[in-house]
Amino acid sequence: MAWDYVIVGGGSAGSVLAARLSEDPDIRVLLLEAGPRDWHPFYTIPAGFAKMTKGIGSWGWSTVPQRHMRGMQIRFTQARVLGGGSTVNAQIYTRGHPLDYDEWRQAGCTGWGYEDILPYYRKAEDNDTWNNRWHGQGGPLGVSRPAAPLPICEAYFAAAGQIGIPTNPDLTSETPEGVGYYQLTQRNVRRSSVSRAYLAPARGRPNLSVVTGAQVLRIVLDKGRAVGVETAGQGVIRAAREVILSAGAIGSPRLLQLSGIGPADHLRDLGIPVLVDQPQVGANFHDHLDLFVIAECTGPHTYDRYAKPHWSAIAGLQYLLTRSGPVASSLFETGGFWWADPAARSPDIQFHLGLGSGIEAGVAAMPQGGVTLNSAFLRPRSRGTVRLASADPLAAPLIDPNYWQDPYDREMSIRGLKLAQEIMRQDALKPFVLAERLPGPDVRTDEDYIAYACAHAKTDHHPAGTCRMGTDPGAVVDPRLRFNGVDGLRVVDASIMPQVVSSNTNAATIMIAEKAADLIRSAA
């Protein structure tokens, strides 16, 4: 079959694009995903997130040693399953601050200011709480209040209030500062991934084909135009109109470089013929680094005990019968936004309250049960790269966020961690918290905090920027997301963000795809 559009990557952007473009019966769309279908029950139940950073649905990659963090390597979960990040994330629905998008527009990205992109957020949403200027109902994506909050969440709000941080009923509004309950990408207490929300209703369309287990090896160019892709086992698949890369902030620059599109010197060093010299492919890479506080609890105030087999079985039965209890929790459904730098234009720290300990890979678990408060600095100045380790398309890429290259990032990260400690030490949490275990009382000096971070830091799973959008000569894509220097090629995912949004990135990636679908249709 001849395809009009071949979309590489069935994640939060690619699945949305495939569903939206195939709404026109005259357009033939092929979606290629390297991973399997999202068949496992853990991909459906909210608490399944606890399994995600520990291997299920992931490529299994790590960063290169971080030279500004004493050589530490960080496990870097990148989804390898239909639905991408929306299938494996903690389901937190946040958008960032309106100023994030206005700064994109001011940097030359016409059409990407806050008022421009707000309609696409509303279009995507089926919100169970609000239908107003900021939120919509009737869209494909389920957005819901948490179904299983615990009393410790309210104590966390009170503790934040004791140091002057107010409670905010809507952390997705135009004024997200404060603490509160996050809304979640769920519907009827089940994960609302883009696979289920967008693709499932579209799967019966004869003009849409979704192929999983499809490893794309390279983009095929002919006289400066993208005309298709080469896959392992299926040969070359042609695209009559466009090839659209939606493989994510790691996968998209990786595939471009494997195709001979990227920094020429790097490609030559690996023996890859240079077809397009574009130094900014894989550059401008940045991510939110996460530092956390873990406290031991005075009793079973969180969900830690349900890690034991018999408690897990009880929780599973409760969920099946009542859609409630521990399995109904995403485990990170409470948090908020505040300032590390008082001079910052908007909040620059994000909190995620984890209703347990050891929830994510590499994070310590408390034997008697605990609670976690993550803090992430939202506006890193440091920039890294995504490069190839070899010309082998099956080799893991060299992922280098270059954390803390800029000392400002280190200072703000540690300020955020200290702010999290301050919240956890307030009287409102004392009935729930026995003692802080990490960083713990022995961490006092700046050097102590740096050493702690270099032993325990993790990613917040928000990579961005590696195919930067802009109008300057170095931009990888233009504001219509067309690749500069190759006809018939677009990039649609978080890699196009000039600056990562100051929050979780899944909702923003869905918004990018919703807008891209309109841009593509208007050009057809």
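Rings of Phe, Tyr and Trp, the latter taken by its six-membered ring, form an aromatic pair if their centres lie within 6.5 Å. In this predicted model, one aromatic cluster is formed by Tyr 101, Trp 104, Trp 112, Tyr 114 and Tyr 121.

A search of the whole structure finds 15 aromatic pairs. One of them joins Trp 59 and Trp 61, whose ring centres are 5.0 Å apart; their planes meet at 20 degrees, so the pair is stacked. Trp 59 is partly exposed, with a relative accessible area of 26%, whereas Trp 61 is buried, at 8%.

Tyr 101 and Tyr 121, members of the cluster named above, form an edge-to-face pair, with 6.3 Å from centre to centre and 75 degrees between the planes. This pair links distant parts of the chain: Tyr 101 belongs to helix 4 (residues 98–106) and Tyr 121 to helix 5 (residues 114–124), and the two are 20 residues apart. Both Tyr 101 and Tyr 121 are buried.

Attention may now turn to the nonpolar cores. The largest nonpolar core holds 85 residues, and Phe 351 and Trp 404 touch the most other members. Helix 11 (residues 407–424) contributes the largest share of this core, namely eight residues. A second, separate core consists of 78 residues, among them Ala 18, Leu 118, Val 492 and Ile 512.

Aromatic rings also meet charged side chains. Arg 381 lies over the face of Tyr 408, at 3.5 Å from the ring centre. In a further case, the charged end of Lys 418 is placed over the ring of Tyr 449, 4.9 Å from its centre.

Definitions and conventions
Residues numbered from 1 in each chain as written. Predicted model: local features only at pLDDT ≥ 70, side-chain atom pairs only at ≥ 80, totals over all residues. Heavy atoms only, no water. Core = buried A, V, L, I, M, F, W, Y, C linked by side-chain atoms within 4.5 Å. Buried < 20%, exposed > 50% of the residue type's maximum accessible area, 1.4 Å probe, protein only. Helix = DSSP H or I, 4+ residues; strand = E, 2+ residues; numbered from the N terminus. Phe/Tyr/Trp six-rings, centres within 6.5 Å; stacked < 30°, edge-to-face > 60°. Lys NZ or Arg CZ within 6 Å of the ring centre and 35° of its normal.
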